[in-house]
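Good morning, and thank you for joining this group meeting. I ask you to look at the structure on the screen while I go through its main features in turn.

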Amino acid sequence: MTDKVKLTIDGQTVEVERGKTILEAASQAGIEIPVLCYFAHTTANGLCRLCVVEVEGTRGLQASCVTEARPESVVHTRSAQVERARRTILEMLAASVDLSDSPEVLNMLEEYQARPERFNGARKRQPALIDDNPAYIRDYAKCVLCWRCVQVCAEDAQYTYAINFSGRGFGTQISTFFEKPMPETTCVFCGQCVGVCPTGALKGKREFLFEQGISPDDIFKETRLRGKGKQSRKGPHLDRGA
Ligand code: SF4
């Protein structure tokens, strides 16, 4: 058994190391597949399904971030079926999540000519912005549940396990255990969750306050002086109701 695999992606022959995913093979061939939950430094989980591709001879579309490149397989990354699936996923996302801080997703919406108004029905609840520590804010109205933050908080990086999924259906969101304020959890404020969040749902407190027009002096006080035991779910500069 050779350790190389040859397959065809969008008519191009690609040779990759055995064990590589279709996403990696496509990237090696210069073919871009859109991703959202996928992040190079976290374990691929196939959650968002934006990276789906058509593989001839298989049933349904395959999430390319978790599907191994098989010898002799023929892959289509932009077929009509693939485009329709991506468009629908984007429409459902935009119908239920505030994507205003996600320029990459907004670009995809345009590229795939998504019409979120097609899903003007039941909606995800819009949770209040949580401002409970001096390091970062959590605005889960902008969360696409990509799971990256949970992964870096756990085995992919920090082994801290401060956050995880909670709730079901439209009520699903990232949360701490028993929704405790972050300083009462195992969080060590390493900031890795903020670094991997693709939508601005997690944002450094200073960046957030700066965007609100707060002066550097006040930002300094806000992020230095409010320590443990002085947290609230809604900071003094937030105008969105809890
Ligand atoms: S908070 Fe950000 S990183 Fe975490 S699941 Fe939501 S969008 Fe993903």
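**Overall features, cavities and pockets**

Among the contacts in this protein with a separation of 6 or more, 57% are between residues 24 or more positions apart. Please keep in mind that the model is predicted. The protein has 242 residues, of which 43% count as buried. Its secondary structure amounts to seven helices and nine strands. The C-alpha trace spans about 60 × 40 × 35 Å along its principal axes.

How many cavities of 30 Å³ or more does a search of the whole structure find? The search finds two. The largest cavity has a volume of about 140 Å³. Its lining consists of 20 residues, and those closest to the centre are Tyr 136, Cys 153, Ile 163, Cys 187 and Cys 193. Three elements, namely strand S6 (136–138), helix H4 (148–153) and helix H5, each contribute at least two residues to this lining. Helix H4 gives the most, with three residues. By class, the lining of the largest cavity comprises 15 nonpolar residues, four polar and one charged.

The second largest cavity holds about 80 Å³ of space. It is lined by 14 residues, and Cys 143, Cys 146, Cys 149, Cys 197 and Ala 201 lie nearest its centre. Twelve of the lining residues are nonpolar, one is polar and one is charged.

What takes up the space of the second largest cavity? That space is taken by the ligand. There are 13 residues around the ligand, and those that come nearest are Cys 143, Cys 146, Trp 147, Cys 149 and Cys 197. In the shell around the ligand, twelve residues are nonpolar and one is polar, while no residue is charged.

About 470 Å³ of space lies in the largest pocket. Of the 21 residues lining this pocket, Met 92, Leu 93, Ser 96, Val 97 and Leu 145 are the closest to its centre. The lining of the largest pocket divides into 16 nonpolar residues, three polar and two charged.

The second largest pocket contains about 210 Å³ of space. Its lining is made up of Glu 32, Ile 33, Pro 34, Val 35, Arg 78, Glu 104, Asn 107, Met 108, Glu 111 and Tyr 112. Here the classes are five nonpolar, one polar and four charged.

Finally, I would like to draw your attention to two residues in loops. Glu 72 is not a glycine, yet it has a positive phi of about 65°. This residue is found in the loop between strand S4 (62–63) and strand S5 (74–76). Is Glu 72 buried or exposed? Its relative accessibility is 65%, and therefore Glu 72 counts as exposed, the cut-off being over 50%.

Phe 178 also has a positive phi, of about 55°, although it is not a glycine. Where does Phe 178 lie? Phe 178 lies in the loop between strand S8 (173–176) and helix H5 (192–196). With a relative accessible area of 79%, Phe 178 is exposed.

Thank you for your attention.

How values were computed
Residues numbered from 1 in each chain as written. Predicted model: local features only at pLDDT ≥ 70, side-chain atom pairs only at ≥ 80, totals over all residues. Heavy atoms only, no water. Near = heavy atom within 4 Å. 1 Å grid on protein atoms, 1.4 Å probe; cavity = no way out; pocket = protein on both sides within 12 Å on 5 of 7 lines; lining within 4 Å. Sits in = over half its atoms within 2 Å of the grid points. Nonpolar A, V, L, I, M, F, W, Y, C, P; charged D, E, K, R; others polar. Points joined across faces, edges and corners; volume = space filled by probe spheres on them. Helix = DSSP H or I, 4+ residues; strand = E, 2+ residues; numbered from the N terminus. Buried < 20%, exposed > 50% of the residue type's maximum accessible area, 1.4 Å probe, protein only. Contact = heavy atoms within 4.5 Å.
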